[in-house]
Amino acid sequence: MKLYCLSGHPTLPCNVLKFKCTTIMLDCGLDMTSALHFLPLPLVHSPRLSKLPGWVSKDGAINLEKELKECAGRVFVDSLPEFCLPEKELLDLSTIDVILISNYHCMMALPYITEHTGFTGTVYATEPTLQIGRLLMEELVNFMERVPKAQSATCWKNKEIQRLLPGPLKEVVDVWAWKRCYSIQEVNSALSKVQLVGYSQKVELFGAVLVTPLSSGYSLGSSNWIIQSHYEKVAYVSGSSLLTTHPQPMDQSSLKNSDVLILTGLTQIPTANPDGMLGEFCSNLAMTIRAGGNVLVPCYSSGVIYDLLECLYQFIDSANLGTTPFYFISPVANSSLEFSQIFAEWLCQNKQSKVYLPEPPFPHAELIQTNKLKHYPSIHGDFSNEFRQPCVVFTGHPSLRFGDVVHFMELWGKSSLNTIIFTEPDFSYLDALAPYQPLAMKCVYCPIDTRLNFHQVSKLLKEVQPLHVVCPEQYTQPPVSQAHRSDLMLELQPPPMPYRRCAVLGLPFRRRYERIQLLPELAKSLVPSEIKPGVSVATVSAVLHSKDNKHVLQPAPKPVVVPPSKKRKRVVEEPPELLAPKPLLSGVVPLEPFLATLTKHGITEVKVEDTADGHILHLQAEDTLIQLEEDGTHIVCDNNEPLRIVLRDLVLRFLQKL
């Protein structure tokens with residue numbers, strides 16, 4: 001069993017498991033942090049960005065004015081953002097049989113895998129994962145395609161040139177593997193390969209293994225996966241949460257008794273408490289609005305935004321924000337808000353019960369009805385007519401490199417009355433803000449990450465007790481910024497097996513058993529004989545038939561009797577004679593009784609030598625050796641066949657024939 005690690009990002013995993021003749025990809029996350037090295041894509045012409053000076057090396061030898069721009073001491077690539085893909089060269093991706101998706105954030109690289117590698121397999125995901133994943137991909141394509149750029153920057157990627165660039169561009173790895181965003185046709189083609197599954201539904205892969213999704217408690221439809229054969233079990237835990245938010249709670253009991261547990265997707269900010277961050281979010285928002293400023297929340301169009309809106313619903317009246325307009329701007333805003341209301345069976349019990357009242361499970365439905373929350377596909381059209389300030393705007397993308405958020409950064413960045421509140425932990429907020437410096441607006445960092453922290457995961461692993469744990473190497477050491485915090489790492493016995501991008505791990509257990517079915521007619525013919533009280537053994541002569549990884553023992557074919565032919569034949573072909581199988585021998589030859597038996601038969605000069613596996617008996621007068629070992633008996637006797645047969649018969653007296 002082998003694990004190939006194609007992504008080095010612990011919360012955007014992409015691993016391939018080779019298990020029992022199947023090749024299974026576990027998630028295909030897309031690392032978008034590479035976009036932070038690019039300039040933002042403004043929706044309308046930005047005089048500020050267009051006036052940024054081009055970068056020229058100090059000695060003037062390298063001139064990349066057209067590709068690289070300088071802003072507040074940092075250098076950015078002036079081109080369409082590109083993304084860091086999972087590693088494609090480590091193994092042949094066309095050999096992948098299935099892809100298992102754990103949540104919609106971990107499927108954003110799917111079109112790169114299914115459309116450009118010769119992949120012919122199936123993708124398994126739950127319905128909310130598929131539908132919300134589709135929304136996020138469509139939104140990403142929309143953000144890219146509505147701001148086309150004529151040129152594509154490639155010279156800076158040259159290794160010799162990149163070596164001379166200022167940091168952080170200098171330290172970036174695998175830049176030649178970065179790719180531009182896929183097209184909507186590729187998205188549709190990739191998602192047509194997805195087969196829907198429900199929680200606890202067992203899916204058989206080629207008769208070899210069963211895969212089962214379990215609720216992970218992190219987002220709508222998010223799953224952990226069990227991959228098992230008759231005798232081995234692998235658990236894949238990715239992006240899980242024990243907090244009581246809107247999704248179904250995490251299924252922990254089904255993870256028990258795993259031989260290997262592959263752990264990824266822990267919280268990115270282990271020191272921040274999500275409840276405390278929600279409180280801080282609300283108080284900072286209220287303070288800004290009261291002071292007459294606007295609030296900008298760069299966010300994804302699904303997930304935490306549902307919890308933010310629910311929190312604000314309870315907070316609005318107590319904070320006297322009843323007249324403040326809330327705007328949600330995204331090409332998929334309408335679909336996202338509607339999907340959250342219709343996936344009732346994927347919600348926690350509290351929200352499910354509201355559906356039968358009937359009431360909408362999420363309170364943002366009431367905010368929309370009372371006109372407190374308005375959603376728009378973009379800043380053009382209706383929004384520009386109805387827009388009034390001060391207001392709160394939820395929009396993407398959290399990287400601040402593309403989407404409608406770029407427009408609001410340019411619009412509101414110059415006033416210290418306004419505030420930007422970061423709630424998504426995927427991007428460093430300082431790096432996200434870098435191309436907008438100098439910035440007057442206030443910045444508040446309230447990252448909300450509901451995924452498991454180190455304390456929760458340690459408790460979980462004690463309960464489910466896997467034999468071996470495999471995890472990204474980042475989890476086996478404290479964060480660089482807090483090297484003294486040994487509580488912010490996994491400490492287990494035995495220690496977890498760490499992996500990094502491009503690593504290939506041999507997982508530490510071997511398959512020992514295979515299940516074989518016995519046909520009834522063959523079972524009837526067996527004659528068990530008792531070898532010790534309560535233990536009976538029978539010998540089997542049969543034909544092993546294997547198909548689709550299922551093994552069946554069938555009765556051996558009887559010899560075909562050829563009817564006599566009237567024509568004369570020169571050679572009569574006799575059917576091959578099936579010989580009765582020799583009996584099998586079991587038991588141990590005890591030393592003292594055996595020596596006594598030899599003495600009775602006139603063999604007295606016996607020298608006994610102890611060995612690691614048993615004894616060697618040297619019959620000196622007869623010049624013969626008898627080796628008595630655990631798994632066999634050898635009689636070494638030169639040119640004395642009668643003596644060999646006598647000794648053989650004496651040995652057989654102590655053994656049982658089956």
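**Ground rules**

I am working with a predicted model, where local features need pLDDT of at least 70, side-chain atom pairs count only at pLDDT 80 or more, and totals for chains, interfaces and linings use all residues. I number residues from 1 along each chain as its sequence is written, and side-chain values use heavy atoms, with hydrogens and water left out.

**Overall build**

I noted 17 helices and 34 strands in the protein chain. Helices (H or I, at least four residues) and strands (E, at least two) are DSSP runs, numbered from the N terminus.

Along the principal axes, I have the C-alpha atoms filling a box of roughly 115 × 70 × 70 Å. Of the 658 residues in the protein chain, 50% are buried. Buried means under 20% relative accessible area, exposed means over 50%, and partly exposed is in between (1.4 Å probe, protein chains only). I also looked at contacts (heavy atoms within 4.5 Å). Among those between residues at least 6 apart in sequence, 70% join residues at least 24 apart.

Most residues other than glycine have a negative phi, and most peptide bonds are trans. I therefore listed the exceptions to that pattern.

The bond joining Q389 and P390 is cis, with omega about -5°. P390 sits in the loop between helix 11 (382–386) and strand 18 (392–395). I found another cis bond from G396 to H397, with omega near 10°. H397 belongs to the loop between strand 18 and helix 12 (405–412).

I followed the chain into helix 12, which is mostly covered, with six of its eight residues buried. These are V405, V406, F408, M409, E410 and W412.

Then I turned to positive phi. F206 has phi near 55°; this residue is in the loop between strand 10 (203–205) and strand 11 (209–215), and is partly exposed at 48% relative accessibility. For C502, phi is near 75°. C502 lies in the loop between strand 22 (497–499) and strand 23 (504–506), and is partly exposed at 36%.

**Around strand 21**

Is C471 buried or exposed? I have C471 in strand 21, and at 0% relative accessibility this residue counts as buried. Not counting residues up to four places away in sequence, C471 touches L263, T476, L490, P496, M497, P498 and Y499. G265 is 206 residues from C471 in sequence, with 9.5 Å between their C-alpha atoms.

P495 lies in the loop between strand 21 (468–472) and strand 22, and is exposed at 60%. Its C-alpha atom is 9.2 Å from that of V470, 25 residues away along the chain.

I checked S301 in the loop between strand 15 (295–298) and helix 7 (304–315). With a relative accessible area of 1%, S301 is buried. Leaving aside neighbours within four places in sequence, its contacts include L136, E139 and F328.

T114 is in helix 2 (residues 110–116) and is buried at 4%. With neighbours within four places in sequence set aside, T114 is in contact with I99, F119, V123, A190 and K193. From T114 to E280 I have 42 Å, C-alpha to C-alpha, and 166 residues in sequence.
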